[in-house]
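Dear colleague,

Please find below the structure that I am handing over to you. My notes on what was found in it follow directly after.

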Amino acid sequence: MIRLSINKQIIIIAVLPALVVASILSTHYIWDQFDFISDSLNKNGTLIAKQLSPAAEYAVYSGNTELIEPLVATIIKNNPVLRIQILDKYYNNILDISSPEKFEEKNDSILKVLFSNKNTLIFSEPIITEHVEVDPGNNNLANRSSISNTTNEIGKVIITISTQHATEKKIEQIEHSTLITLALLLLTTLVTLRISSYITKPIKSLTHTVRNISAGDLDTQIDRNSTGDLGILESCINHMRIELKDSRTDMETQLNVYTEELQQTLEELEIRNAELDITRSKAIYANNAKSEFLANMSHEIRTPLSGIIGFTELLQDTKLSSQQKDYSSTIHKSSKHLLAIINDVLDLSKIEAGKTEIATSQFNLIDIIEDIINLLSTSALEKNIELFYRIEANVPTIIHSDPFRIHQIITNLIGNSIKFTDSGYVYLQVAKGELGNTENSIKFTVSDTGLGMSSTVKKRLFKAFTQADTSITRRFGGTGLGLVISRKLTMLMHGEIGFDSTEGEGSTFWFSVPIKGEISEKKNSELYGKNVAFISNHFIAQQTYKTLFNSWGCTVNNYSLDNMQNLAEIESENDIIVTFVSSKEINSITTTHIGEFSLTKPSLLVASTRSHSELRNLHQHLFNNAAFTSEKVEIIKQKLINSLDKETEESGIDTSNEVSDTSNNWSNINIMIVDDNDVNLRLAEIILHKHKARVTTAHSGAQAINFANLNSYDLIFMDLHMPGLDGYETTQKIRETTPGNQPVIIALTANAMPQEKEKVIQSGMNGILIKPVNDNIFQKVIEQWVLKEPINTSKSLEVNNNESAEIIENSIFSIELAKEFTGNNKELAYELFGMLRAELDNYRKAIISAADNNDLTELRNQVHKLHGASRCCGTTELKEVSSRIENFLMQNIKFDNEKEIPLLLNAIQNVAHFKINNEQAEDLP
C-alpha cells in the first residue's frame, strides 16, 4: 500500500468531495437541459404541423397549392424543418418541399464526434374540412340552428424535422457544464493547497527536527510558532531533546568512568593471566612430576614385589612343610593384595589422564563370567558365602564390547560384595538392559546379603579413596577405588551404573553397557526333554540352576532336602537327580543324613567347596558324579550326560583344574634378559630354565649390546630403567648393530603409565610387559612372538595386572581389527590380508632400492602406498611404522634411515612370516 504525505492527503480529502458534488450537479443540470431541448423540439414540430394543417385545407380541397407554397417556404427557412409534405386523402403528394442542404461544420471535438449521428423527427397532422348544407330556398343564413355541420379528413400534413440543432444545443450545454466544474475544482485545489501548506509546514519542521535528533544532533531547536496540539507537540519534543542531551552527557561521563575501570580490570586480568600461566606451568610441572613419581613408585614397588611373588610361586612348587606352605601362602596373598592396590591407583591415574581406551572385540560372555566366578569363588567360600550367577535366556552370549573392562567392573563389584558380606550369598544376574541411547545393551546386577549402607553413607560412594566409613577401612582394608574405577569405565563405555542398599539387609549394584550381540543357536543335547529333580534348601541356587537346566531343554522340579524322605517318589517322577549342598551344609547333620539314602536314577552332586577331598567325601558311593559350584557349565553338563551313561560313571572327582607338571621344551630358543636388578634376573632365569630355554642375563645396556653383537637371540626381555644406557637406547643400538637377523625385543618394566607404551613402540621394541611376570606370561610371549602362534586381537603386546598380568595380543595381525574395516566380514578380512602379503615382496624390494639410491620421492610413494594398504588389514605394527616414516617424508623431517628403514623391513617380514592356523588358512585367498 502506497503511503501518501500529509500534504497530499489533505488535498485528496478536500478536492474529492468537491469533485463528487460538482460531478453530480453537472450531470443533473445536463440531464435537465437535454430533456428541455428534446421537449422543445417535439413541441415545435407538433405546433408547425397543427398550424399548417388548416392552411392546407383549401389547397387540398381546390387542388391549388400556389397560395400555401410561400407559407411552407417560410416555415422551412426559419425552422429546423427538413421536409414538408401535403397529401390528399388518397396519400398522393400534393406538395413536397425539402430544405436545401445546409453547410455542415467539421466535427472537431470529441463531443461532436460522439453526437455525429443525424436523427430526424416526423410529425403528422390530418387535414380536416367541414361541409355546410344550405337551404336553396332560403338564403338567410341567420338561422344557424337548422344547419347540420359534419367533418371529413381530406388529407395529411407530414413534417420532417432535423435534430442536429438540438444536438448542438446539448453539446454546448455539456461544454459549459464541464468548464464550470473544472473551474470550481481548480479554485478548490488552489484554496486547499494554500490551507495545507499552512498546516503541513510546522509538521515538516517537526519531522526534520526529529530526524536530526535521531541522527544524534541534539542541538537542533524547534521554534514554537504553532498553537494547539502542534504547539504542545513542539514543546514536548524540545523537552525530550533536552532530556536526551542530558542523558547522553551523563552516559558519556559514566562511560568514561567505566572505561577507566575496565582498563584497570584489564590490567588486573593481564596480571592474573600471567599468574595463571605461571600457575598452569607449575600445575603441568606438578602433573608431570606426579606422573613421573607414579612411574618411579610403580617401578620401585613392582620391582621388589615381582621378585617376592615370583620366588614365592617357585617356593610353593618345592617340598615344604605345612607350616612353611602356610607362611609362603600368606606371603603370596599379601603380595597379590599389595599389587591389586597399586593397580587400582595406576588405573585411576590412567583414567583421569584420559589415557584409557575402550577396545571393542568379539567374545563369549559366559567365558568371562565363568573366569570371574572361578577367580573369586575361593575368597567367597573362605567366608562360607555362596556365589551364584544366572544369565537370562534372551541375553546374547556372543557379544561385541570391551571384554577386559567388563571383566574388571564385574570383578570389582563381586569382590566388594564378598568383602562386605559375612554370611548369605552374592548373586550375579545378567539380563537385557534398557539404555535409552542404544538399541542393544546388557545389564549386570550384583546382589548380596552384606552390611548394607545408610542414606548418609550412600552419598560418599563413587568418590576416590572413600569407603562407607573409617571402621570399614580398618576392618576390611582396601583403597576405596574399586567403585570409582568401575563408574568411570562404565561412563567411558557410554553405559550407566547405580546401586540400592538398605542398612543391615545388603546391597545391589548394577551397571548397563551397550553391546552388539547375537544369540547363538542352541543345539539339542542328550539332556533335551529330561526331567531333572533339583534338591536344595537354597532358593537362589534353585533359581540359578533352573535357568541353566532349562537352557539345555530340561524340565526342572525343585525339592528341598527334607523331601529326601520321599526319594522313591522323586525318582519315579524324574530322570536325573541333582543335589546342591551349600558351604554351611557340608559339615552339618544334613549331609551326613544324605549318605543314608541310595539313588537308583542318574545323579549329580553340586557342592560349594574348592576342596577335592571334601567333594570326594560328599560324593562317596551315593552319586554318579560330583561337581564344584565354580566349575564351568559345560563341565557340569558333560557330567550330567556321563551320569546318564552308566559305563562312564566316575568313581573319583575330576581334577581338570589341577596344574599339570608337564613343561614346554624351549631348548632351541635363545633368550636374553636385560635387567639391573639381580632378583628379577634370577627369577626370570629360573622360570625359563624350567622349560629348558637357553638364557643369557645382562646387568646393563652396554653388556646387552656386546652379547647381541656376539650371539643371535630369538627374544630379548629389556628392562627400561637402567643406569647408564636405558632400555630405549640399548634397543636402538641393538637394532643398528644387528640389521640382518632382528630379534624380538619385549620391554619389561614396572612403569604402568600409558605414555610408556608409546615410547616403547617408537623406540623399536615389539611390545611391553608390566611387572610382575610369571611362568604363564613368559609362555604366552614365546608362543606369540617366537613360535608364531595365531592371535585374534588388534593391540600391541601389553600387560595389565589385575589378579595376574596377562598379554593383550601382538600387533602383527589382528583379525578382529581387520573385521572392523570390512563390516565384520571375516572372509573379506582374510582376503585383504592375503592380498597385502602377496604384495609385500614388491614393497620390500622397492623400499630397499629407494633407500639405497637415496630416492626420497620414490621412498615416499612406496611407504605411502604401504601405509594405505596396511590400514585396513589389521596389521597395527606395519601401519604404525609406515605411518611414522611417511610423516617424516611428507614434512621433510630428517630422520635416521639406518634406524627407521630396518624397522619397516622388520615389520614387513613379521607380516610375511606370520603363521595362520588351519582354520584361518582356509579363508585366505
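A residue is called buried under 20% relative accessible area, exposed over 50%, and partly exposed in between. Glutamate 392 has a relative accessible area of 28%, and therefore it is partly exposed. Please bear in mind throughout that the model is a predicted one.

Salt bridges

The structure holds nine salt bridges. In one of them, lysine 50 and glutamate 125 come together through their side chains, at 3.6 Å from N to O. This pair links distant parts of the chain, since lysine 50 belongs to helix H1 and glutamate 125 to strand S3 (residues 120–132), 75 residues apart. Lysine 50 counts as partly exposed because its relative accessibility is 46%. Glutamate 125, at 19% relative accessibility, counts as buried.

Cavities

There are seven cavities of 30 Å³ or more in the structure. The second largest cavity has a volume of about 60 Å³. Which residues line the second largest cavity? They are Ser306, Asp675, Asn680, Leu683, Ala684, Leu748, Lys771, Val773 and Phe778. By type, this lining divides into five nonpolar, two polar and two charged residues. Helix H17 (residues 678–690) gives the most to the lining, with three residues.

Backbone angles and loops

Lysine 692 is found in the loop between H17 and strand S19 (694–698). Its phi is near 65°, a positive value in a residue other than glycine. Is lysine 692 buried or exposed? With a relative accessibility of 56%, lysine 692 counts as exposed.

Asparagine 854 lies in the loop between helix H23 (826–852) and helix H24 (856–871). Although asparagine 854 is not a glycine, it has a positive phi of about 55°. The relative accessible area of asparagine 854 is 53%, so this residue is exposed.

Histidine 494, which follows H11, likewise has a positive phi, near 60°. Within helix H11 (residues 482–492), the buried residues are Gly482, Leu483, Val484, Ile485, Ser486, Leu489 and Thr490.

Surface patch

Leu4, Ile12, Leu16, Leu19, Val20 and Ile24 form a nonpolar patch on the surface, and their accessible area together is about 510 Å². Of these residues, leucine 16 has its place in helix H1 (residues 6–62). Leucine 16 counts as partly exposed because its relative accessibility is 48%. As a general point, an α-helix has 3.6 residues a turn, so residues three or four places apart point the same way.

With kind regards

Key. Residues numbered from 1 in each chain as written. Predicted model: local features only at pLDDT ≥ 70, side-chain atom pairs only at ≥ 80, totals over all residues. Heavy atoms only, no water. 1 Å grid on protein atoms, 1.4 Å probe; cavity = no way out; pocket = protein on both sides within 12 Å on 5 of 7 lines; lining within 4 Å. Points joined across faces, edges and corners; volume = space filled by probe spheres on them. Helix = DSSP H or I, 4+ residues; strand = E, 2+ residues; numbered from the N terminus. Nonpolar A, V, L, I, M, F, W, Y, C, P; charged D, E, K, R; others polar. Buried < 20%, exposed > 50% of the residue type's maximum accessible area, 1.4 Å probe, protein only. Patch = residues over 30% accessible without salt bridge, like charges linked within 9 Å, V, L, I, M, F, W, Y side chains within 5 Å. Areas by Shrake-Rupley, 256 points an atom, 1.4 Å probe, with all protein chains shown as cover. Salt bridge = Lys/Arg side-chain N within 4 Å of Asp/Glu carboxyl O.
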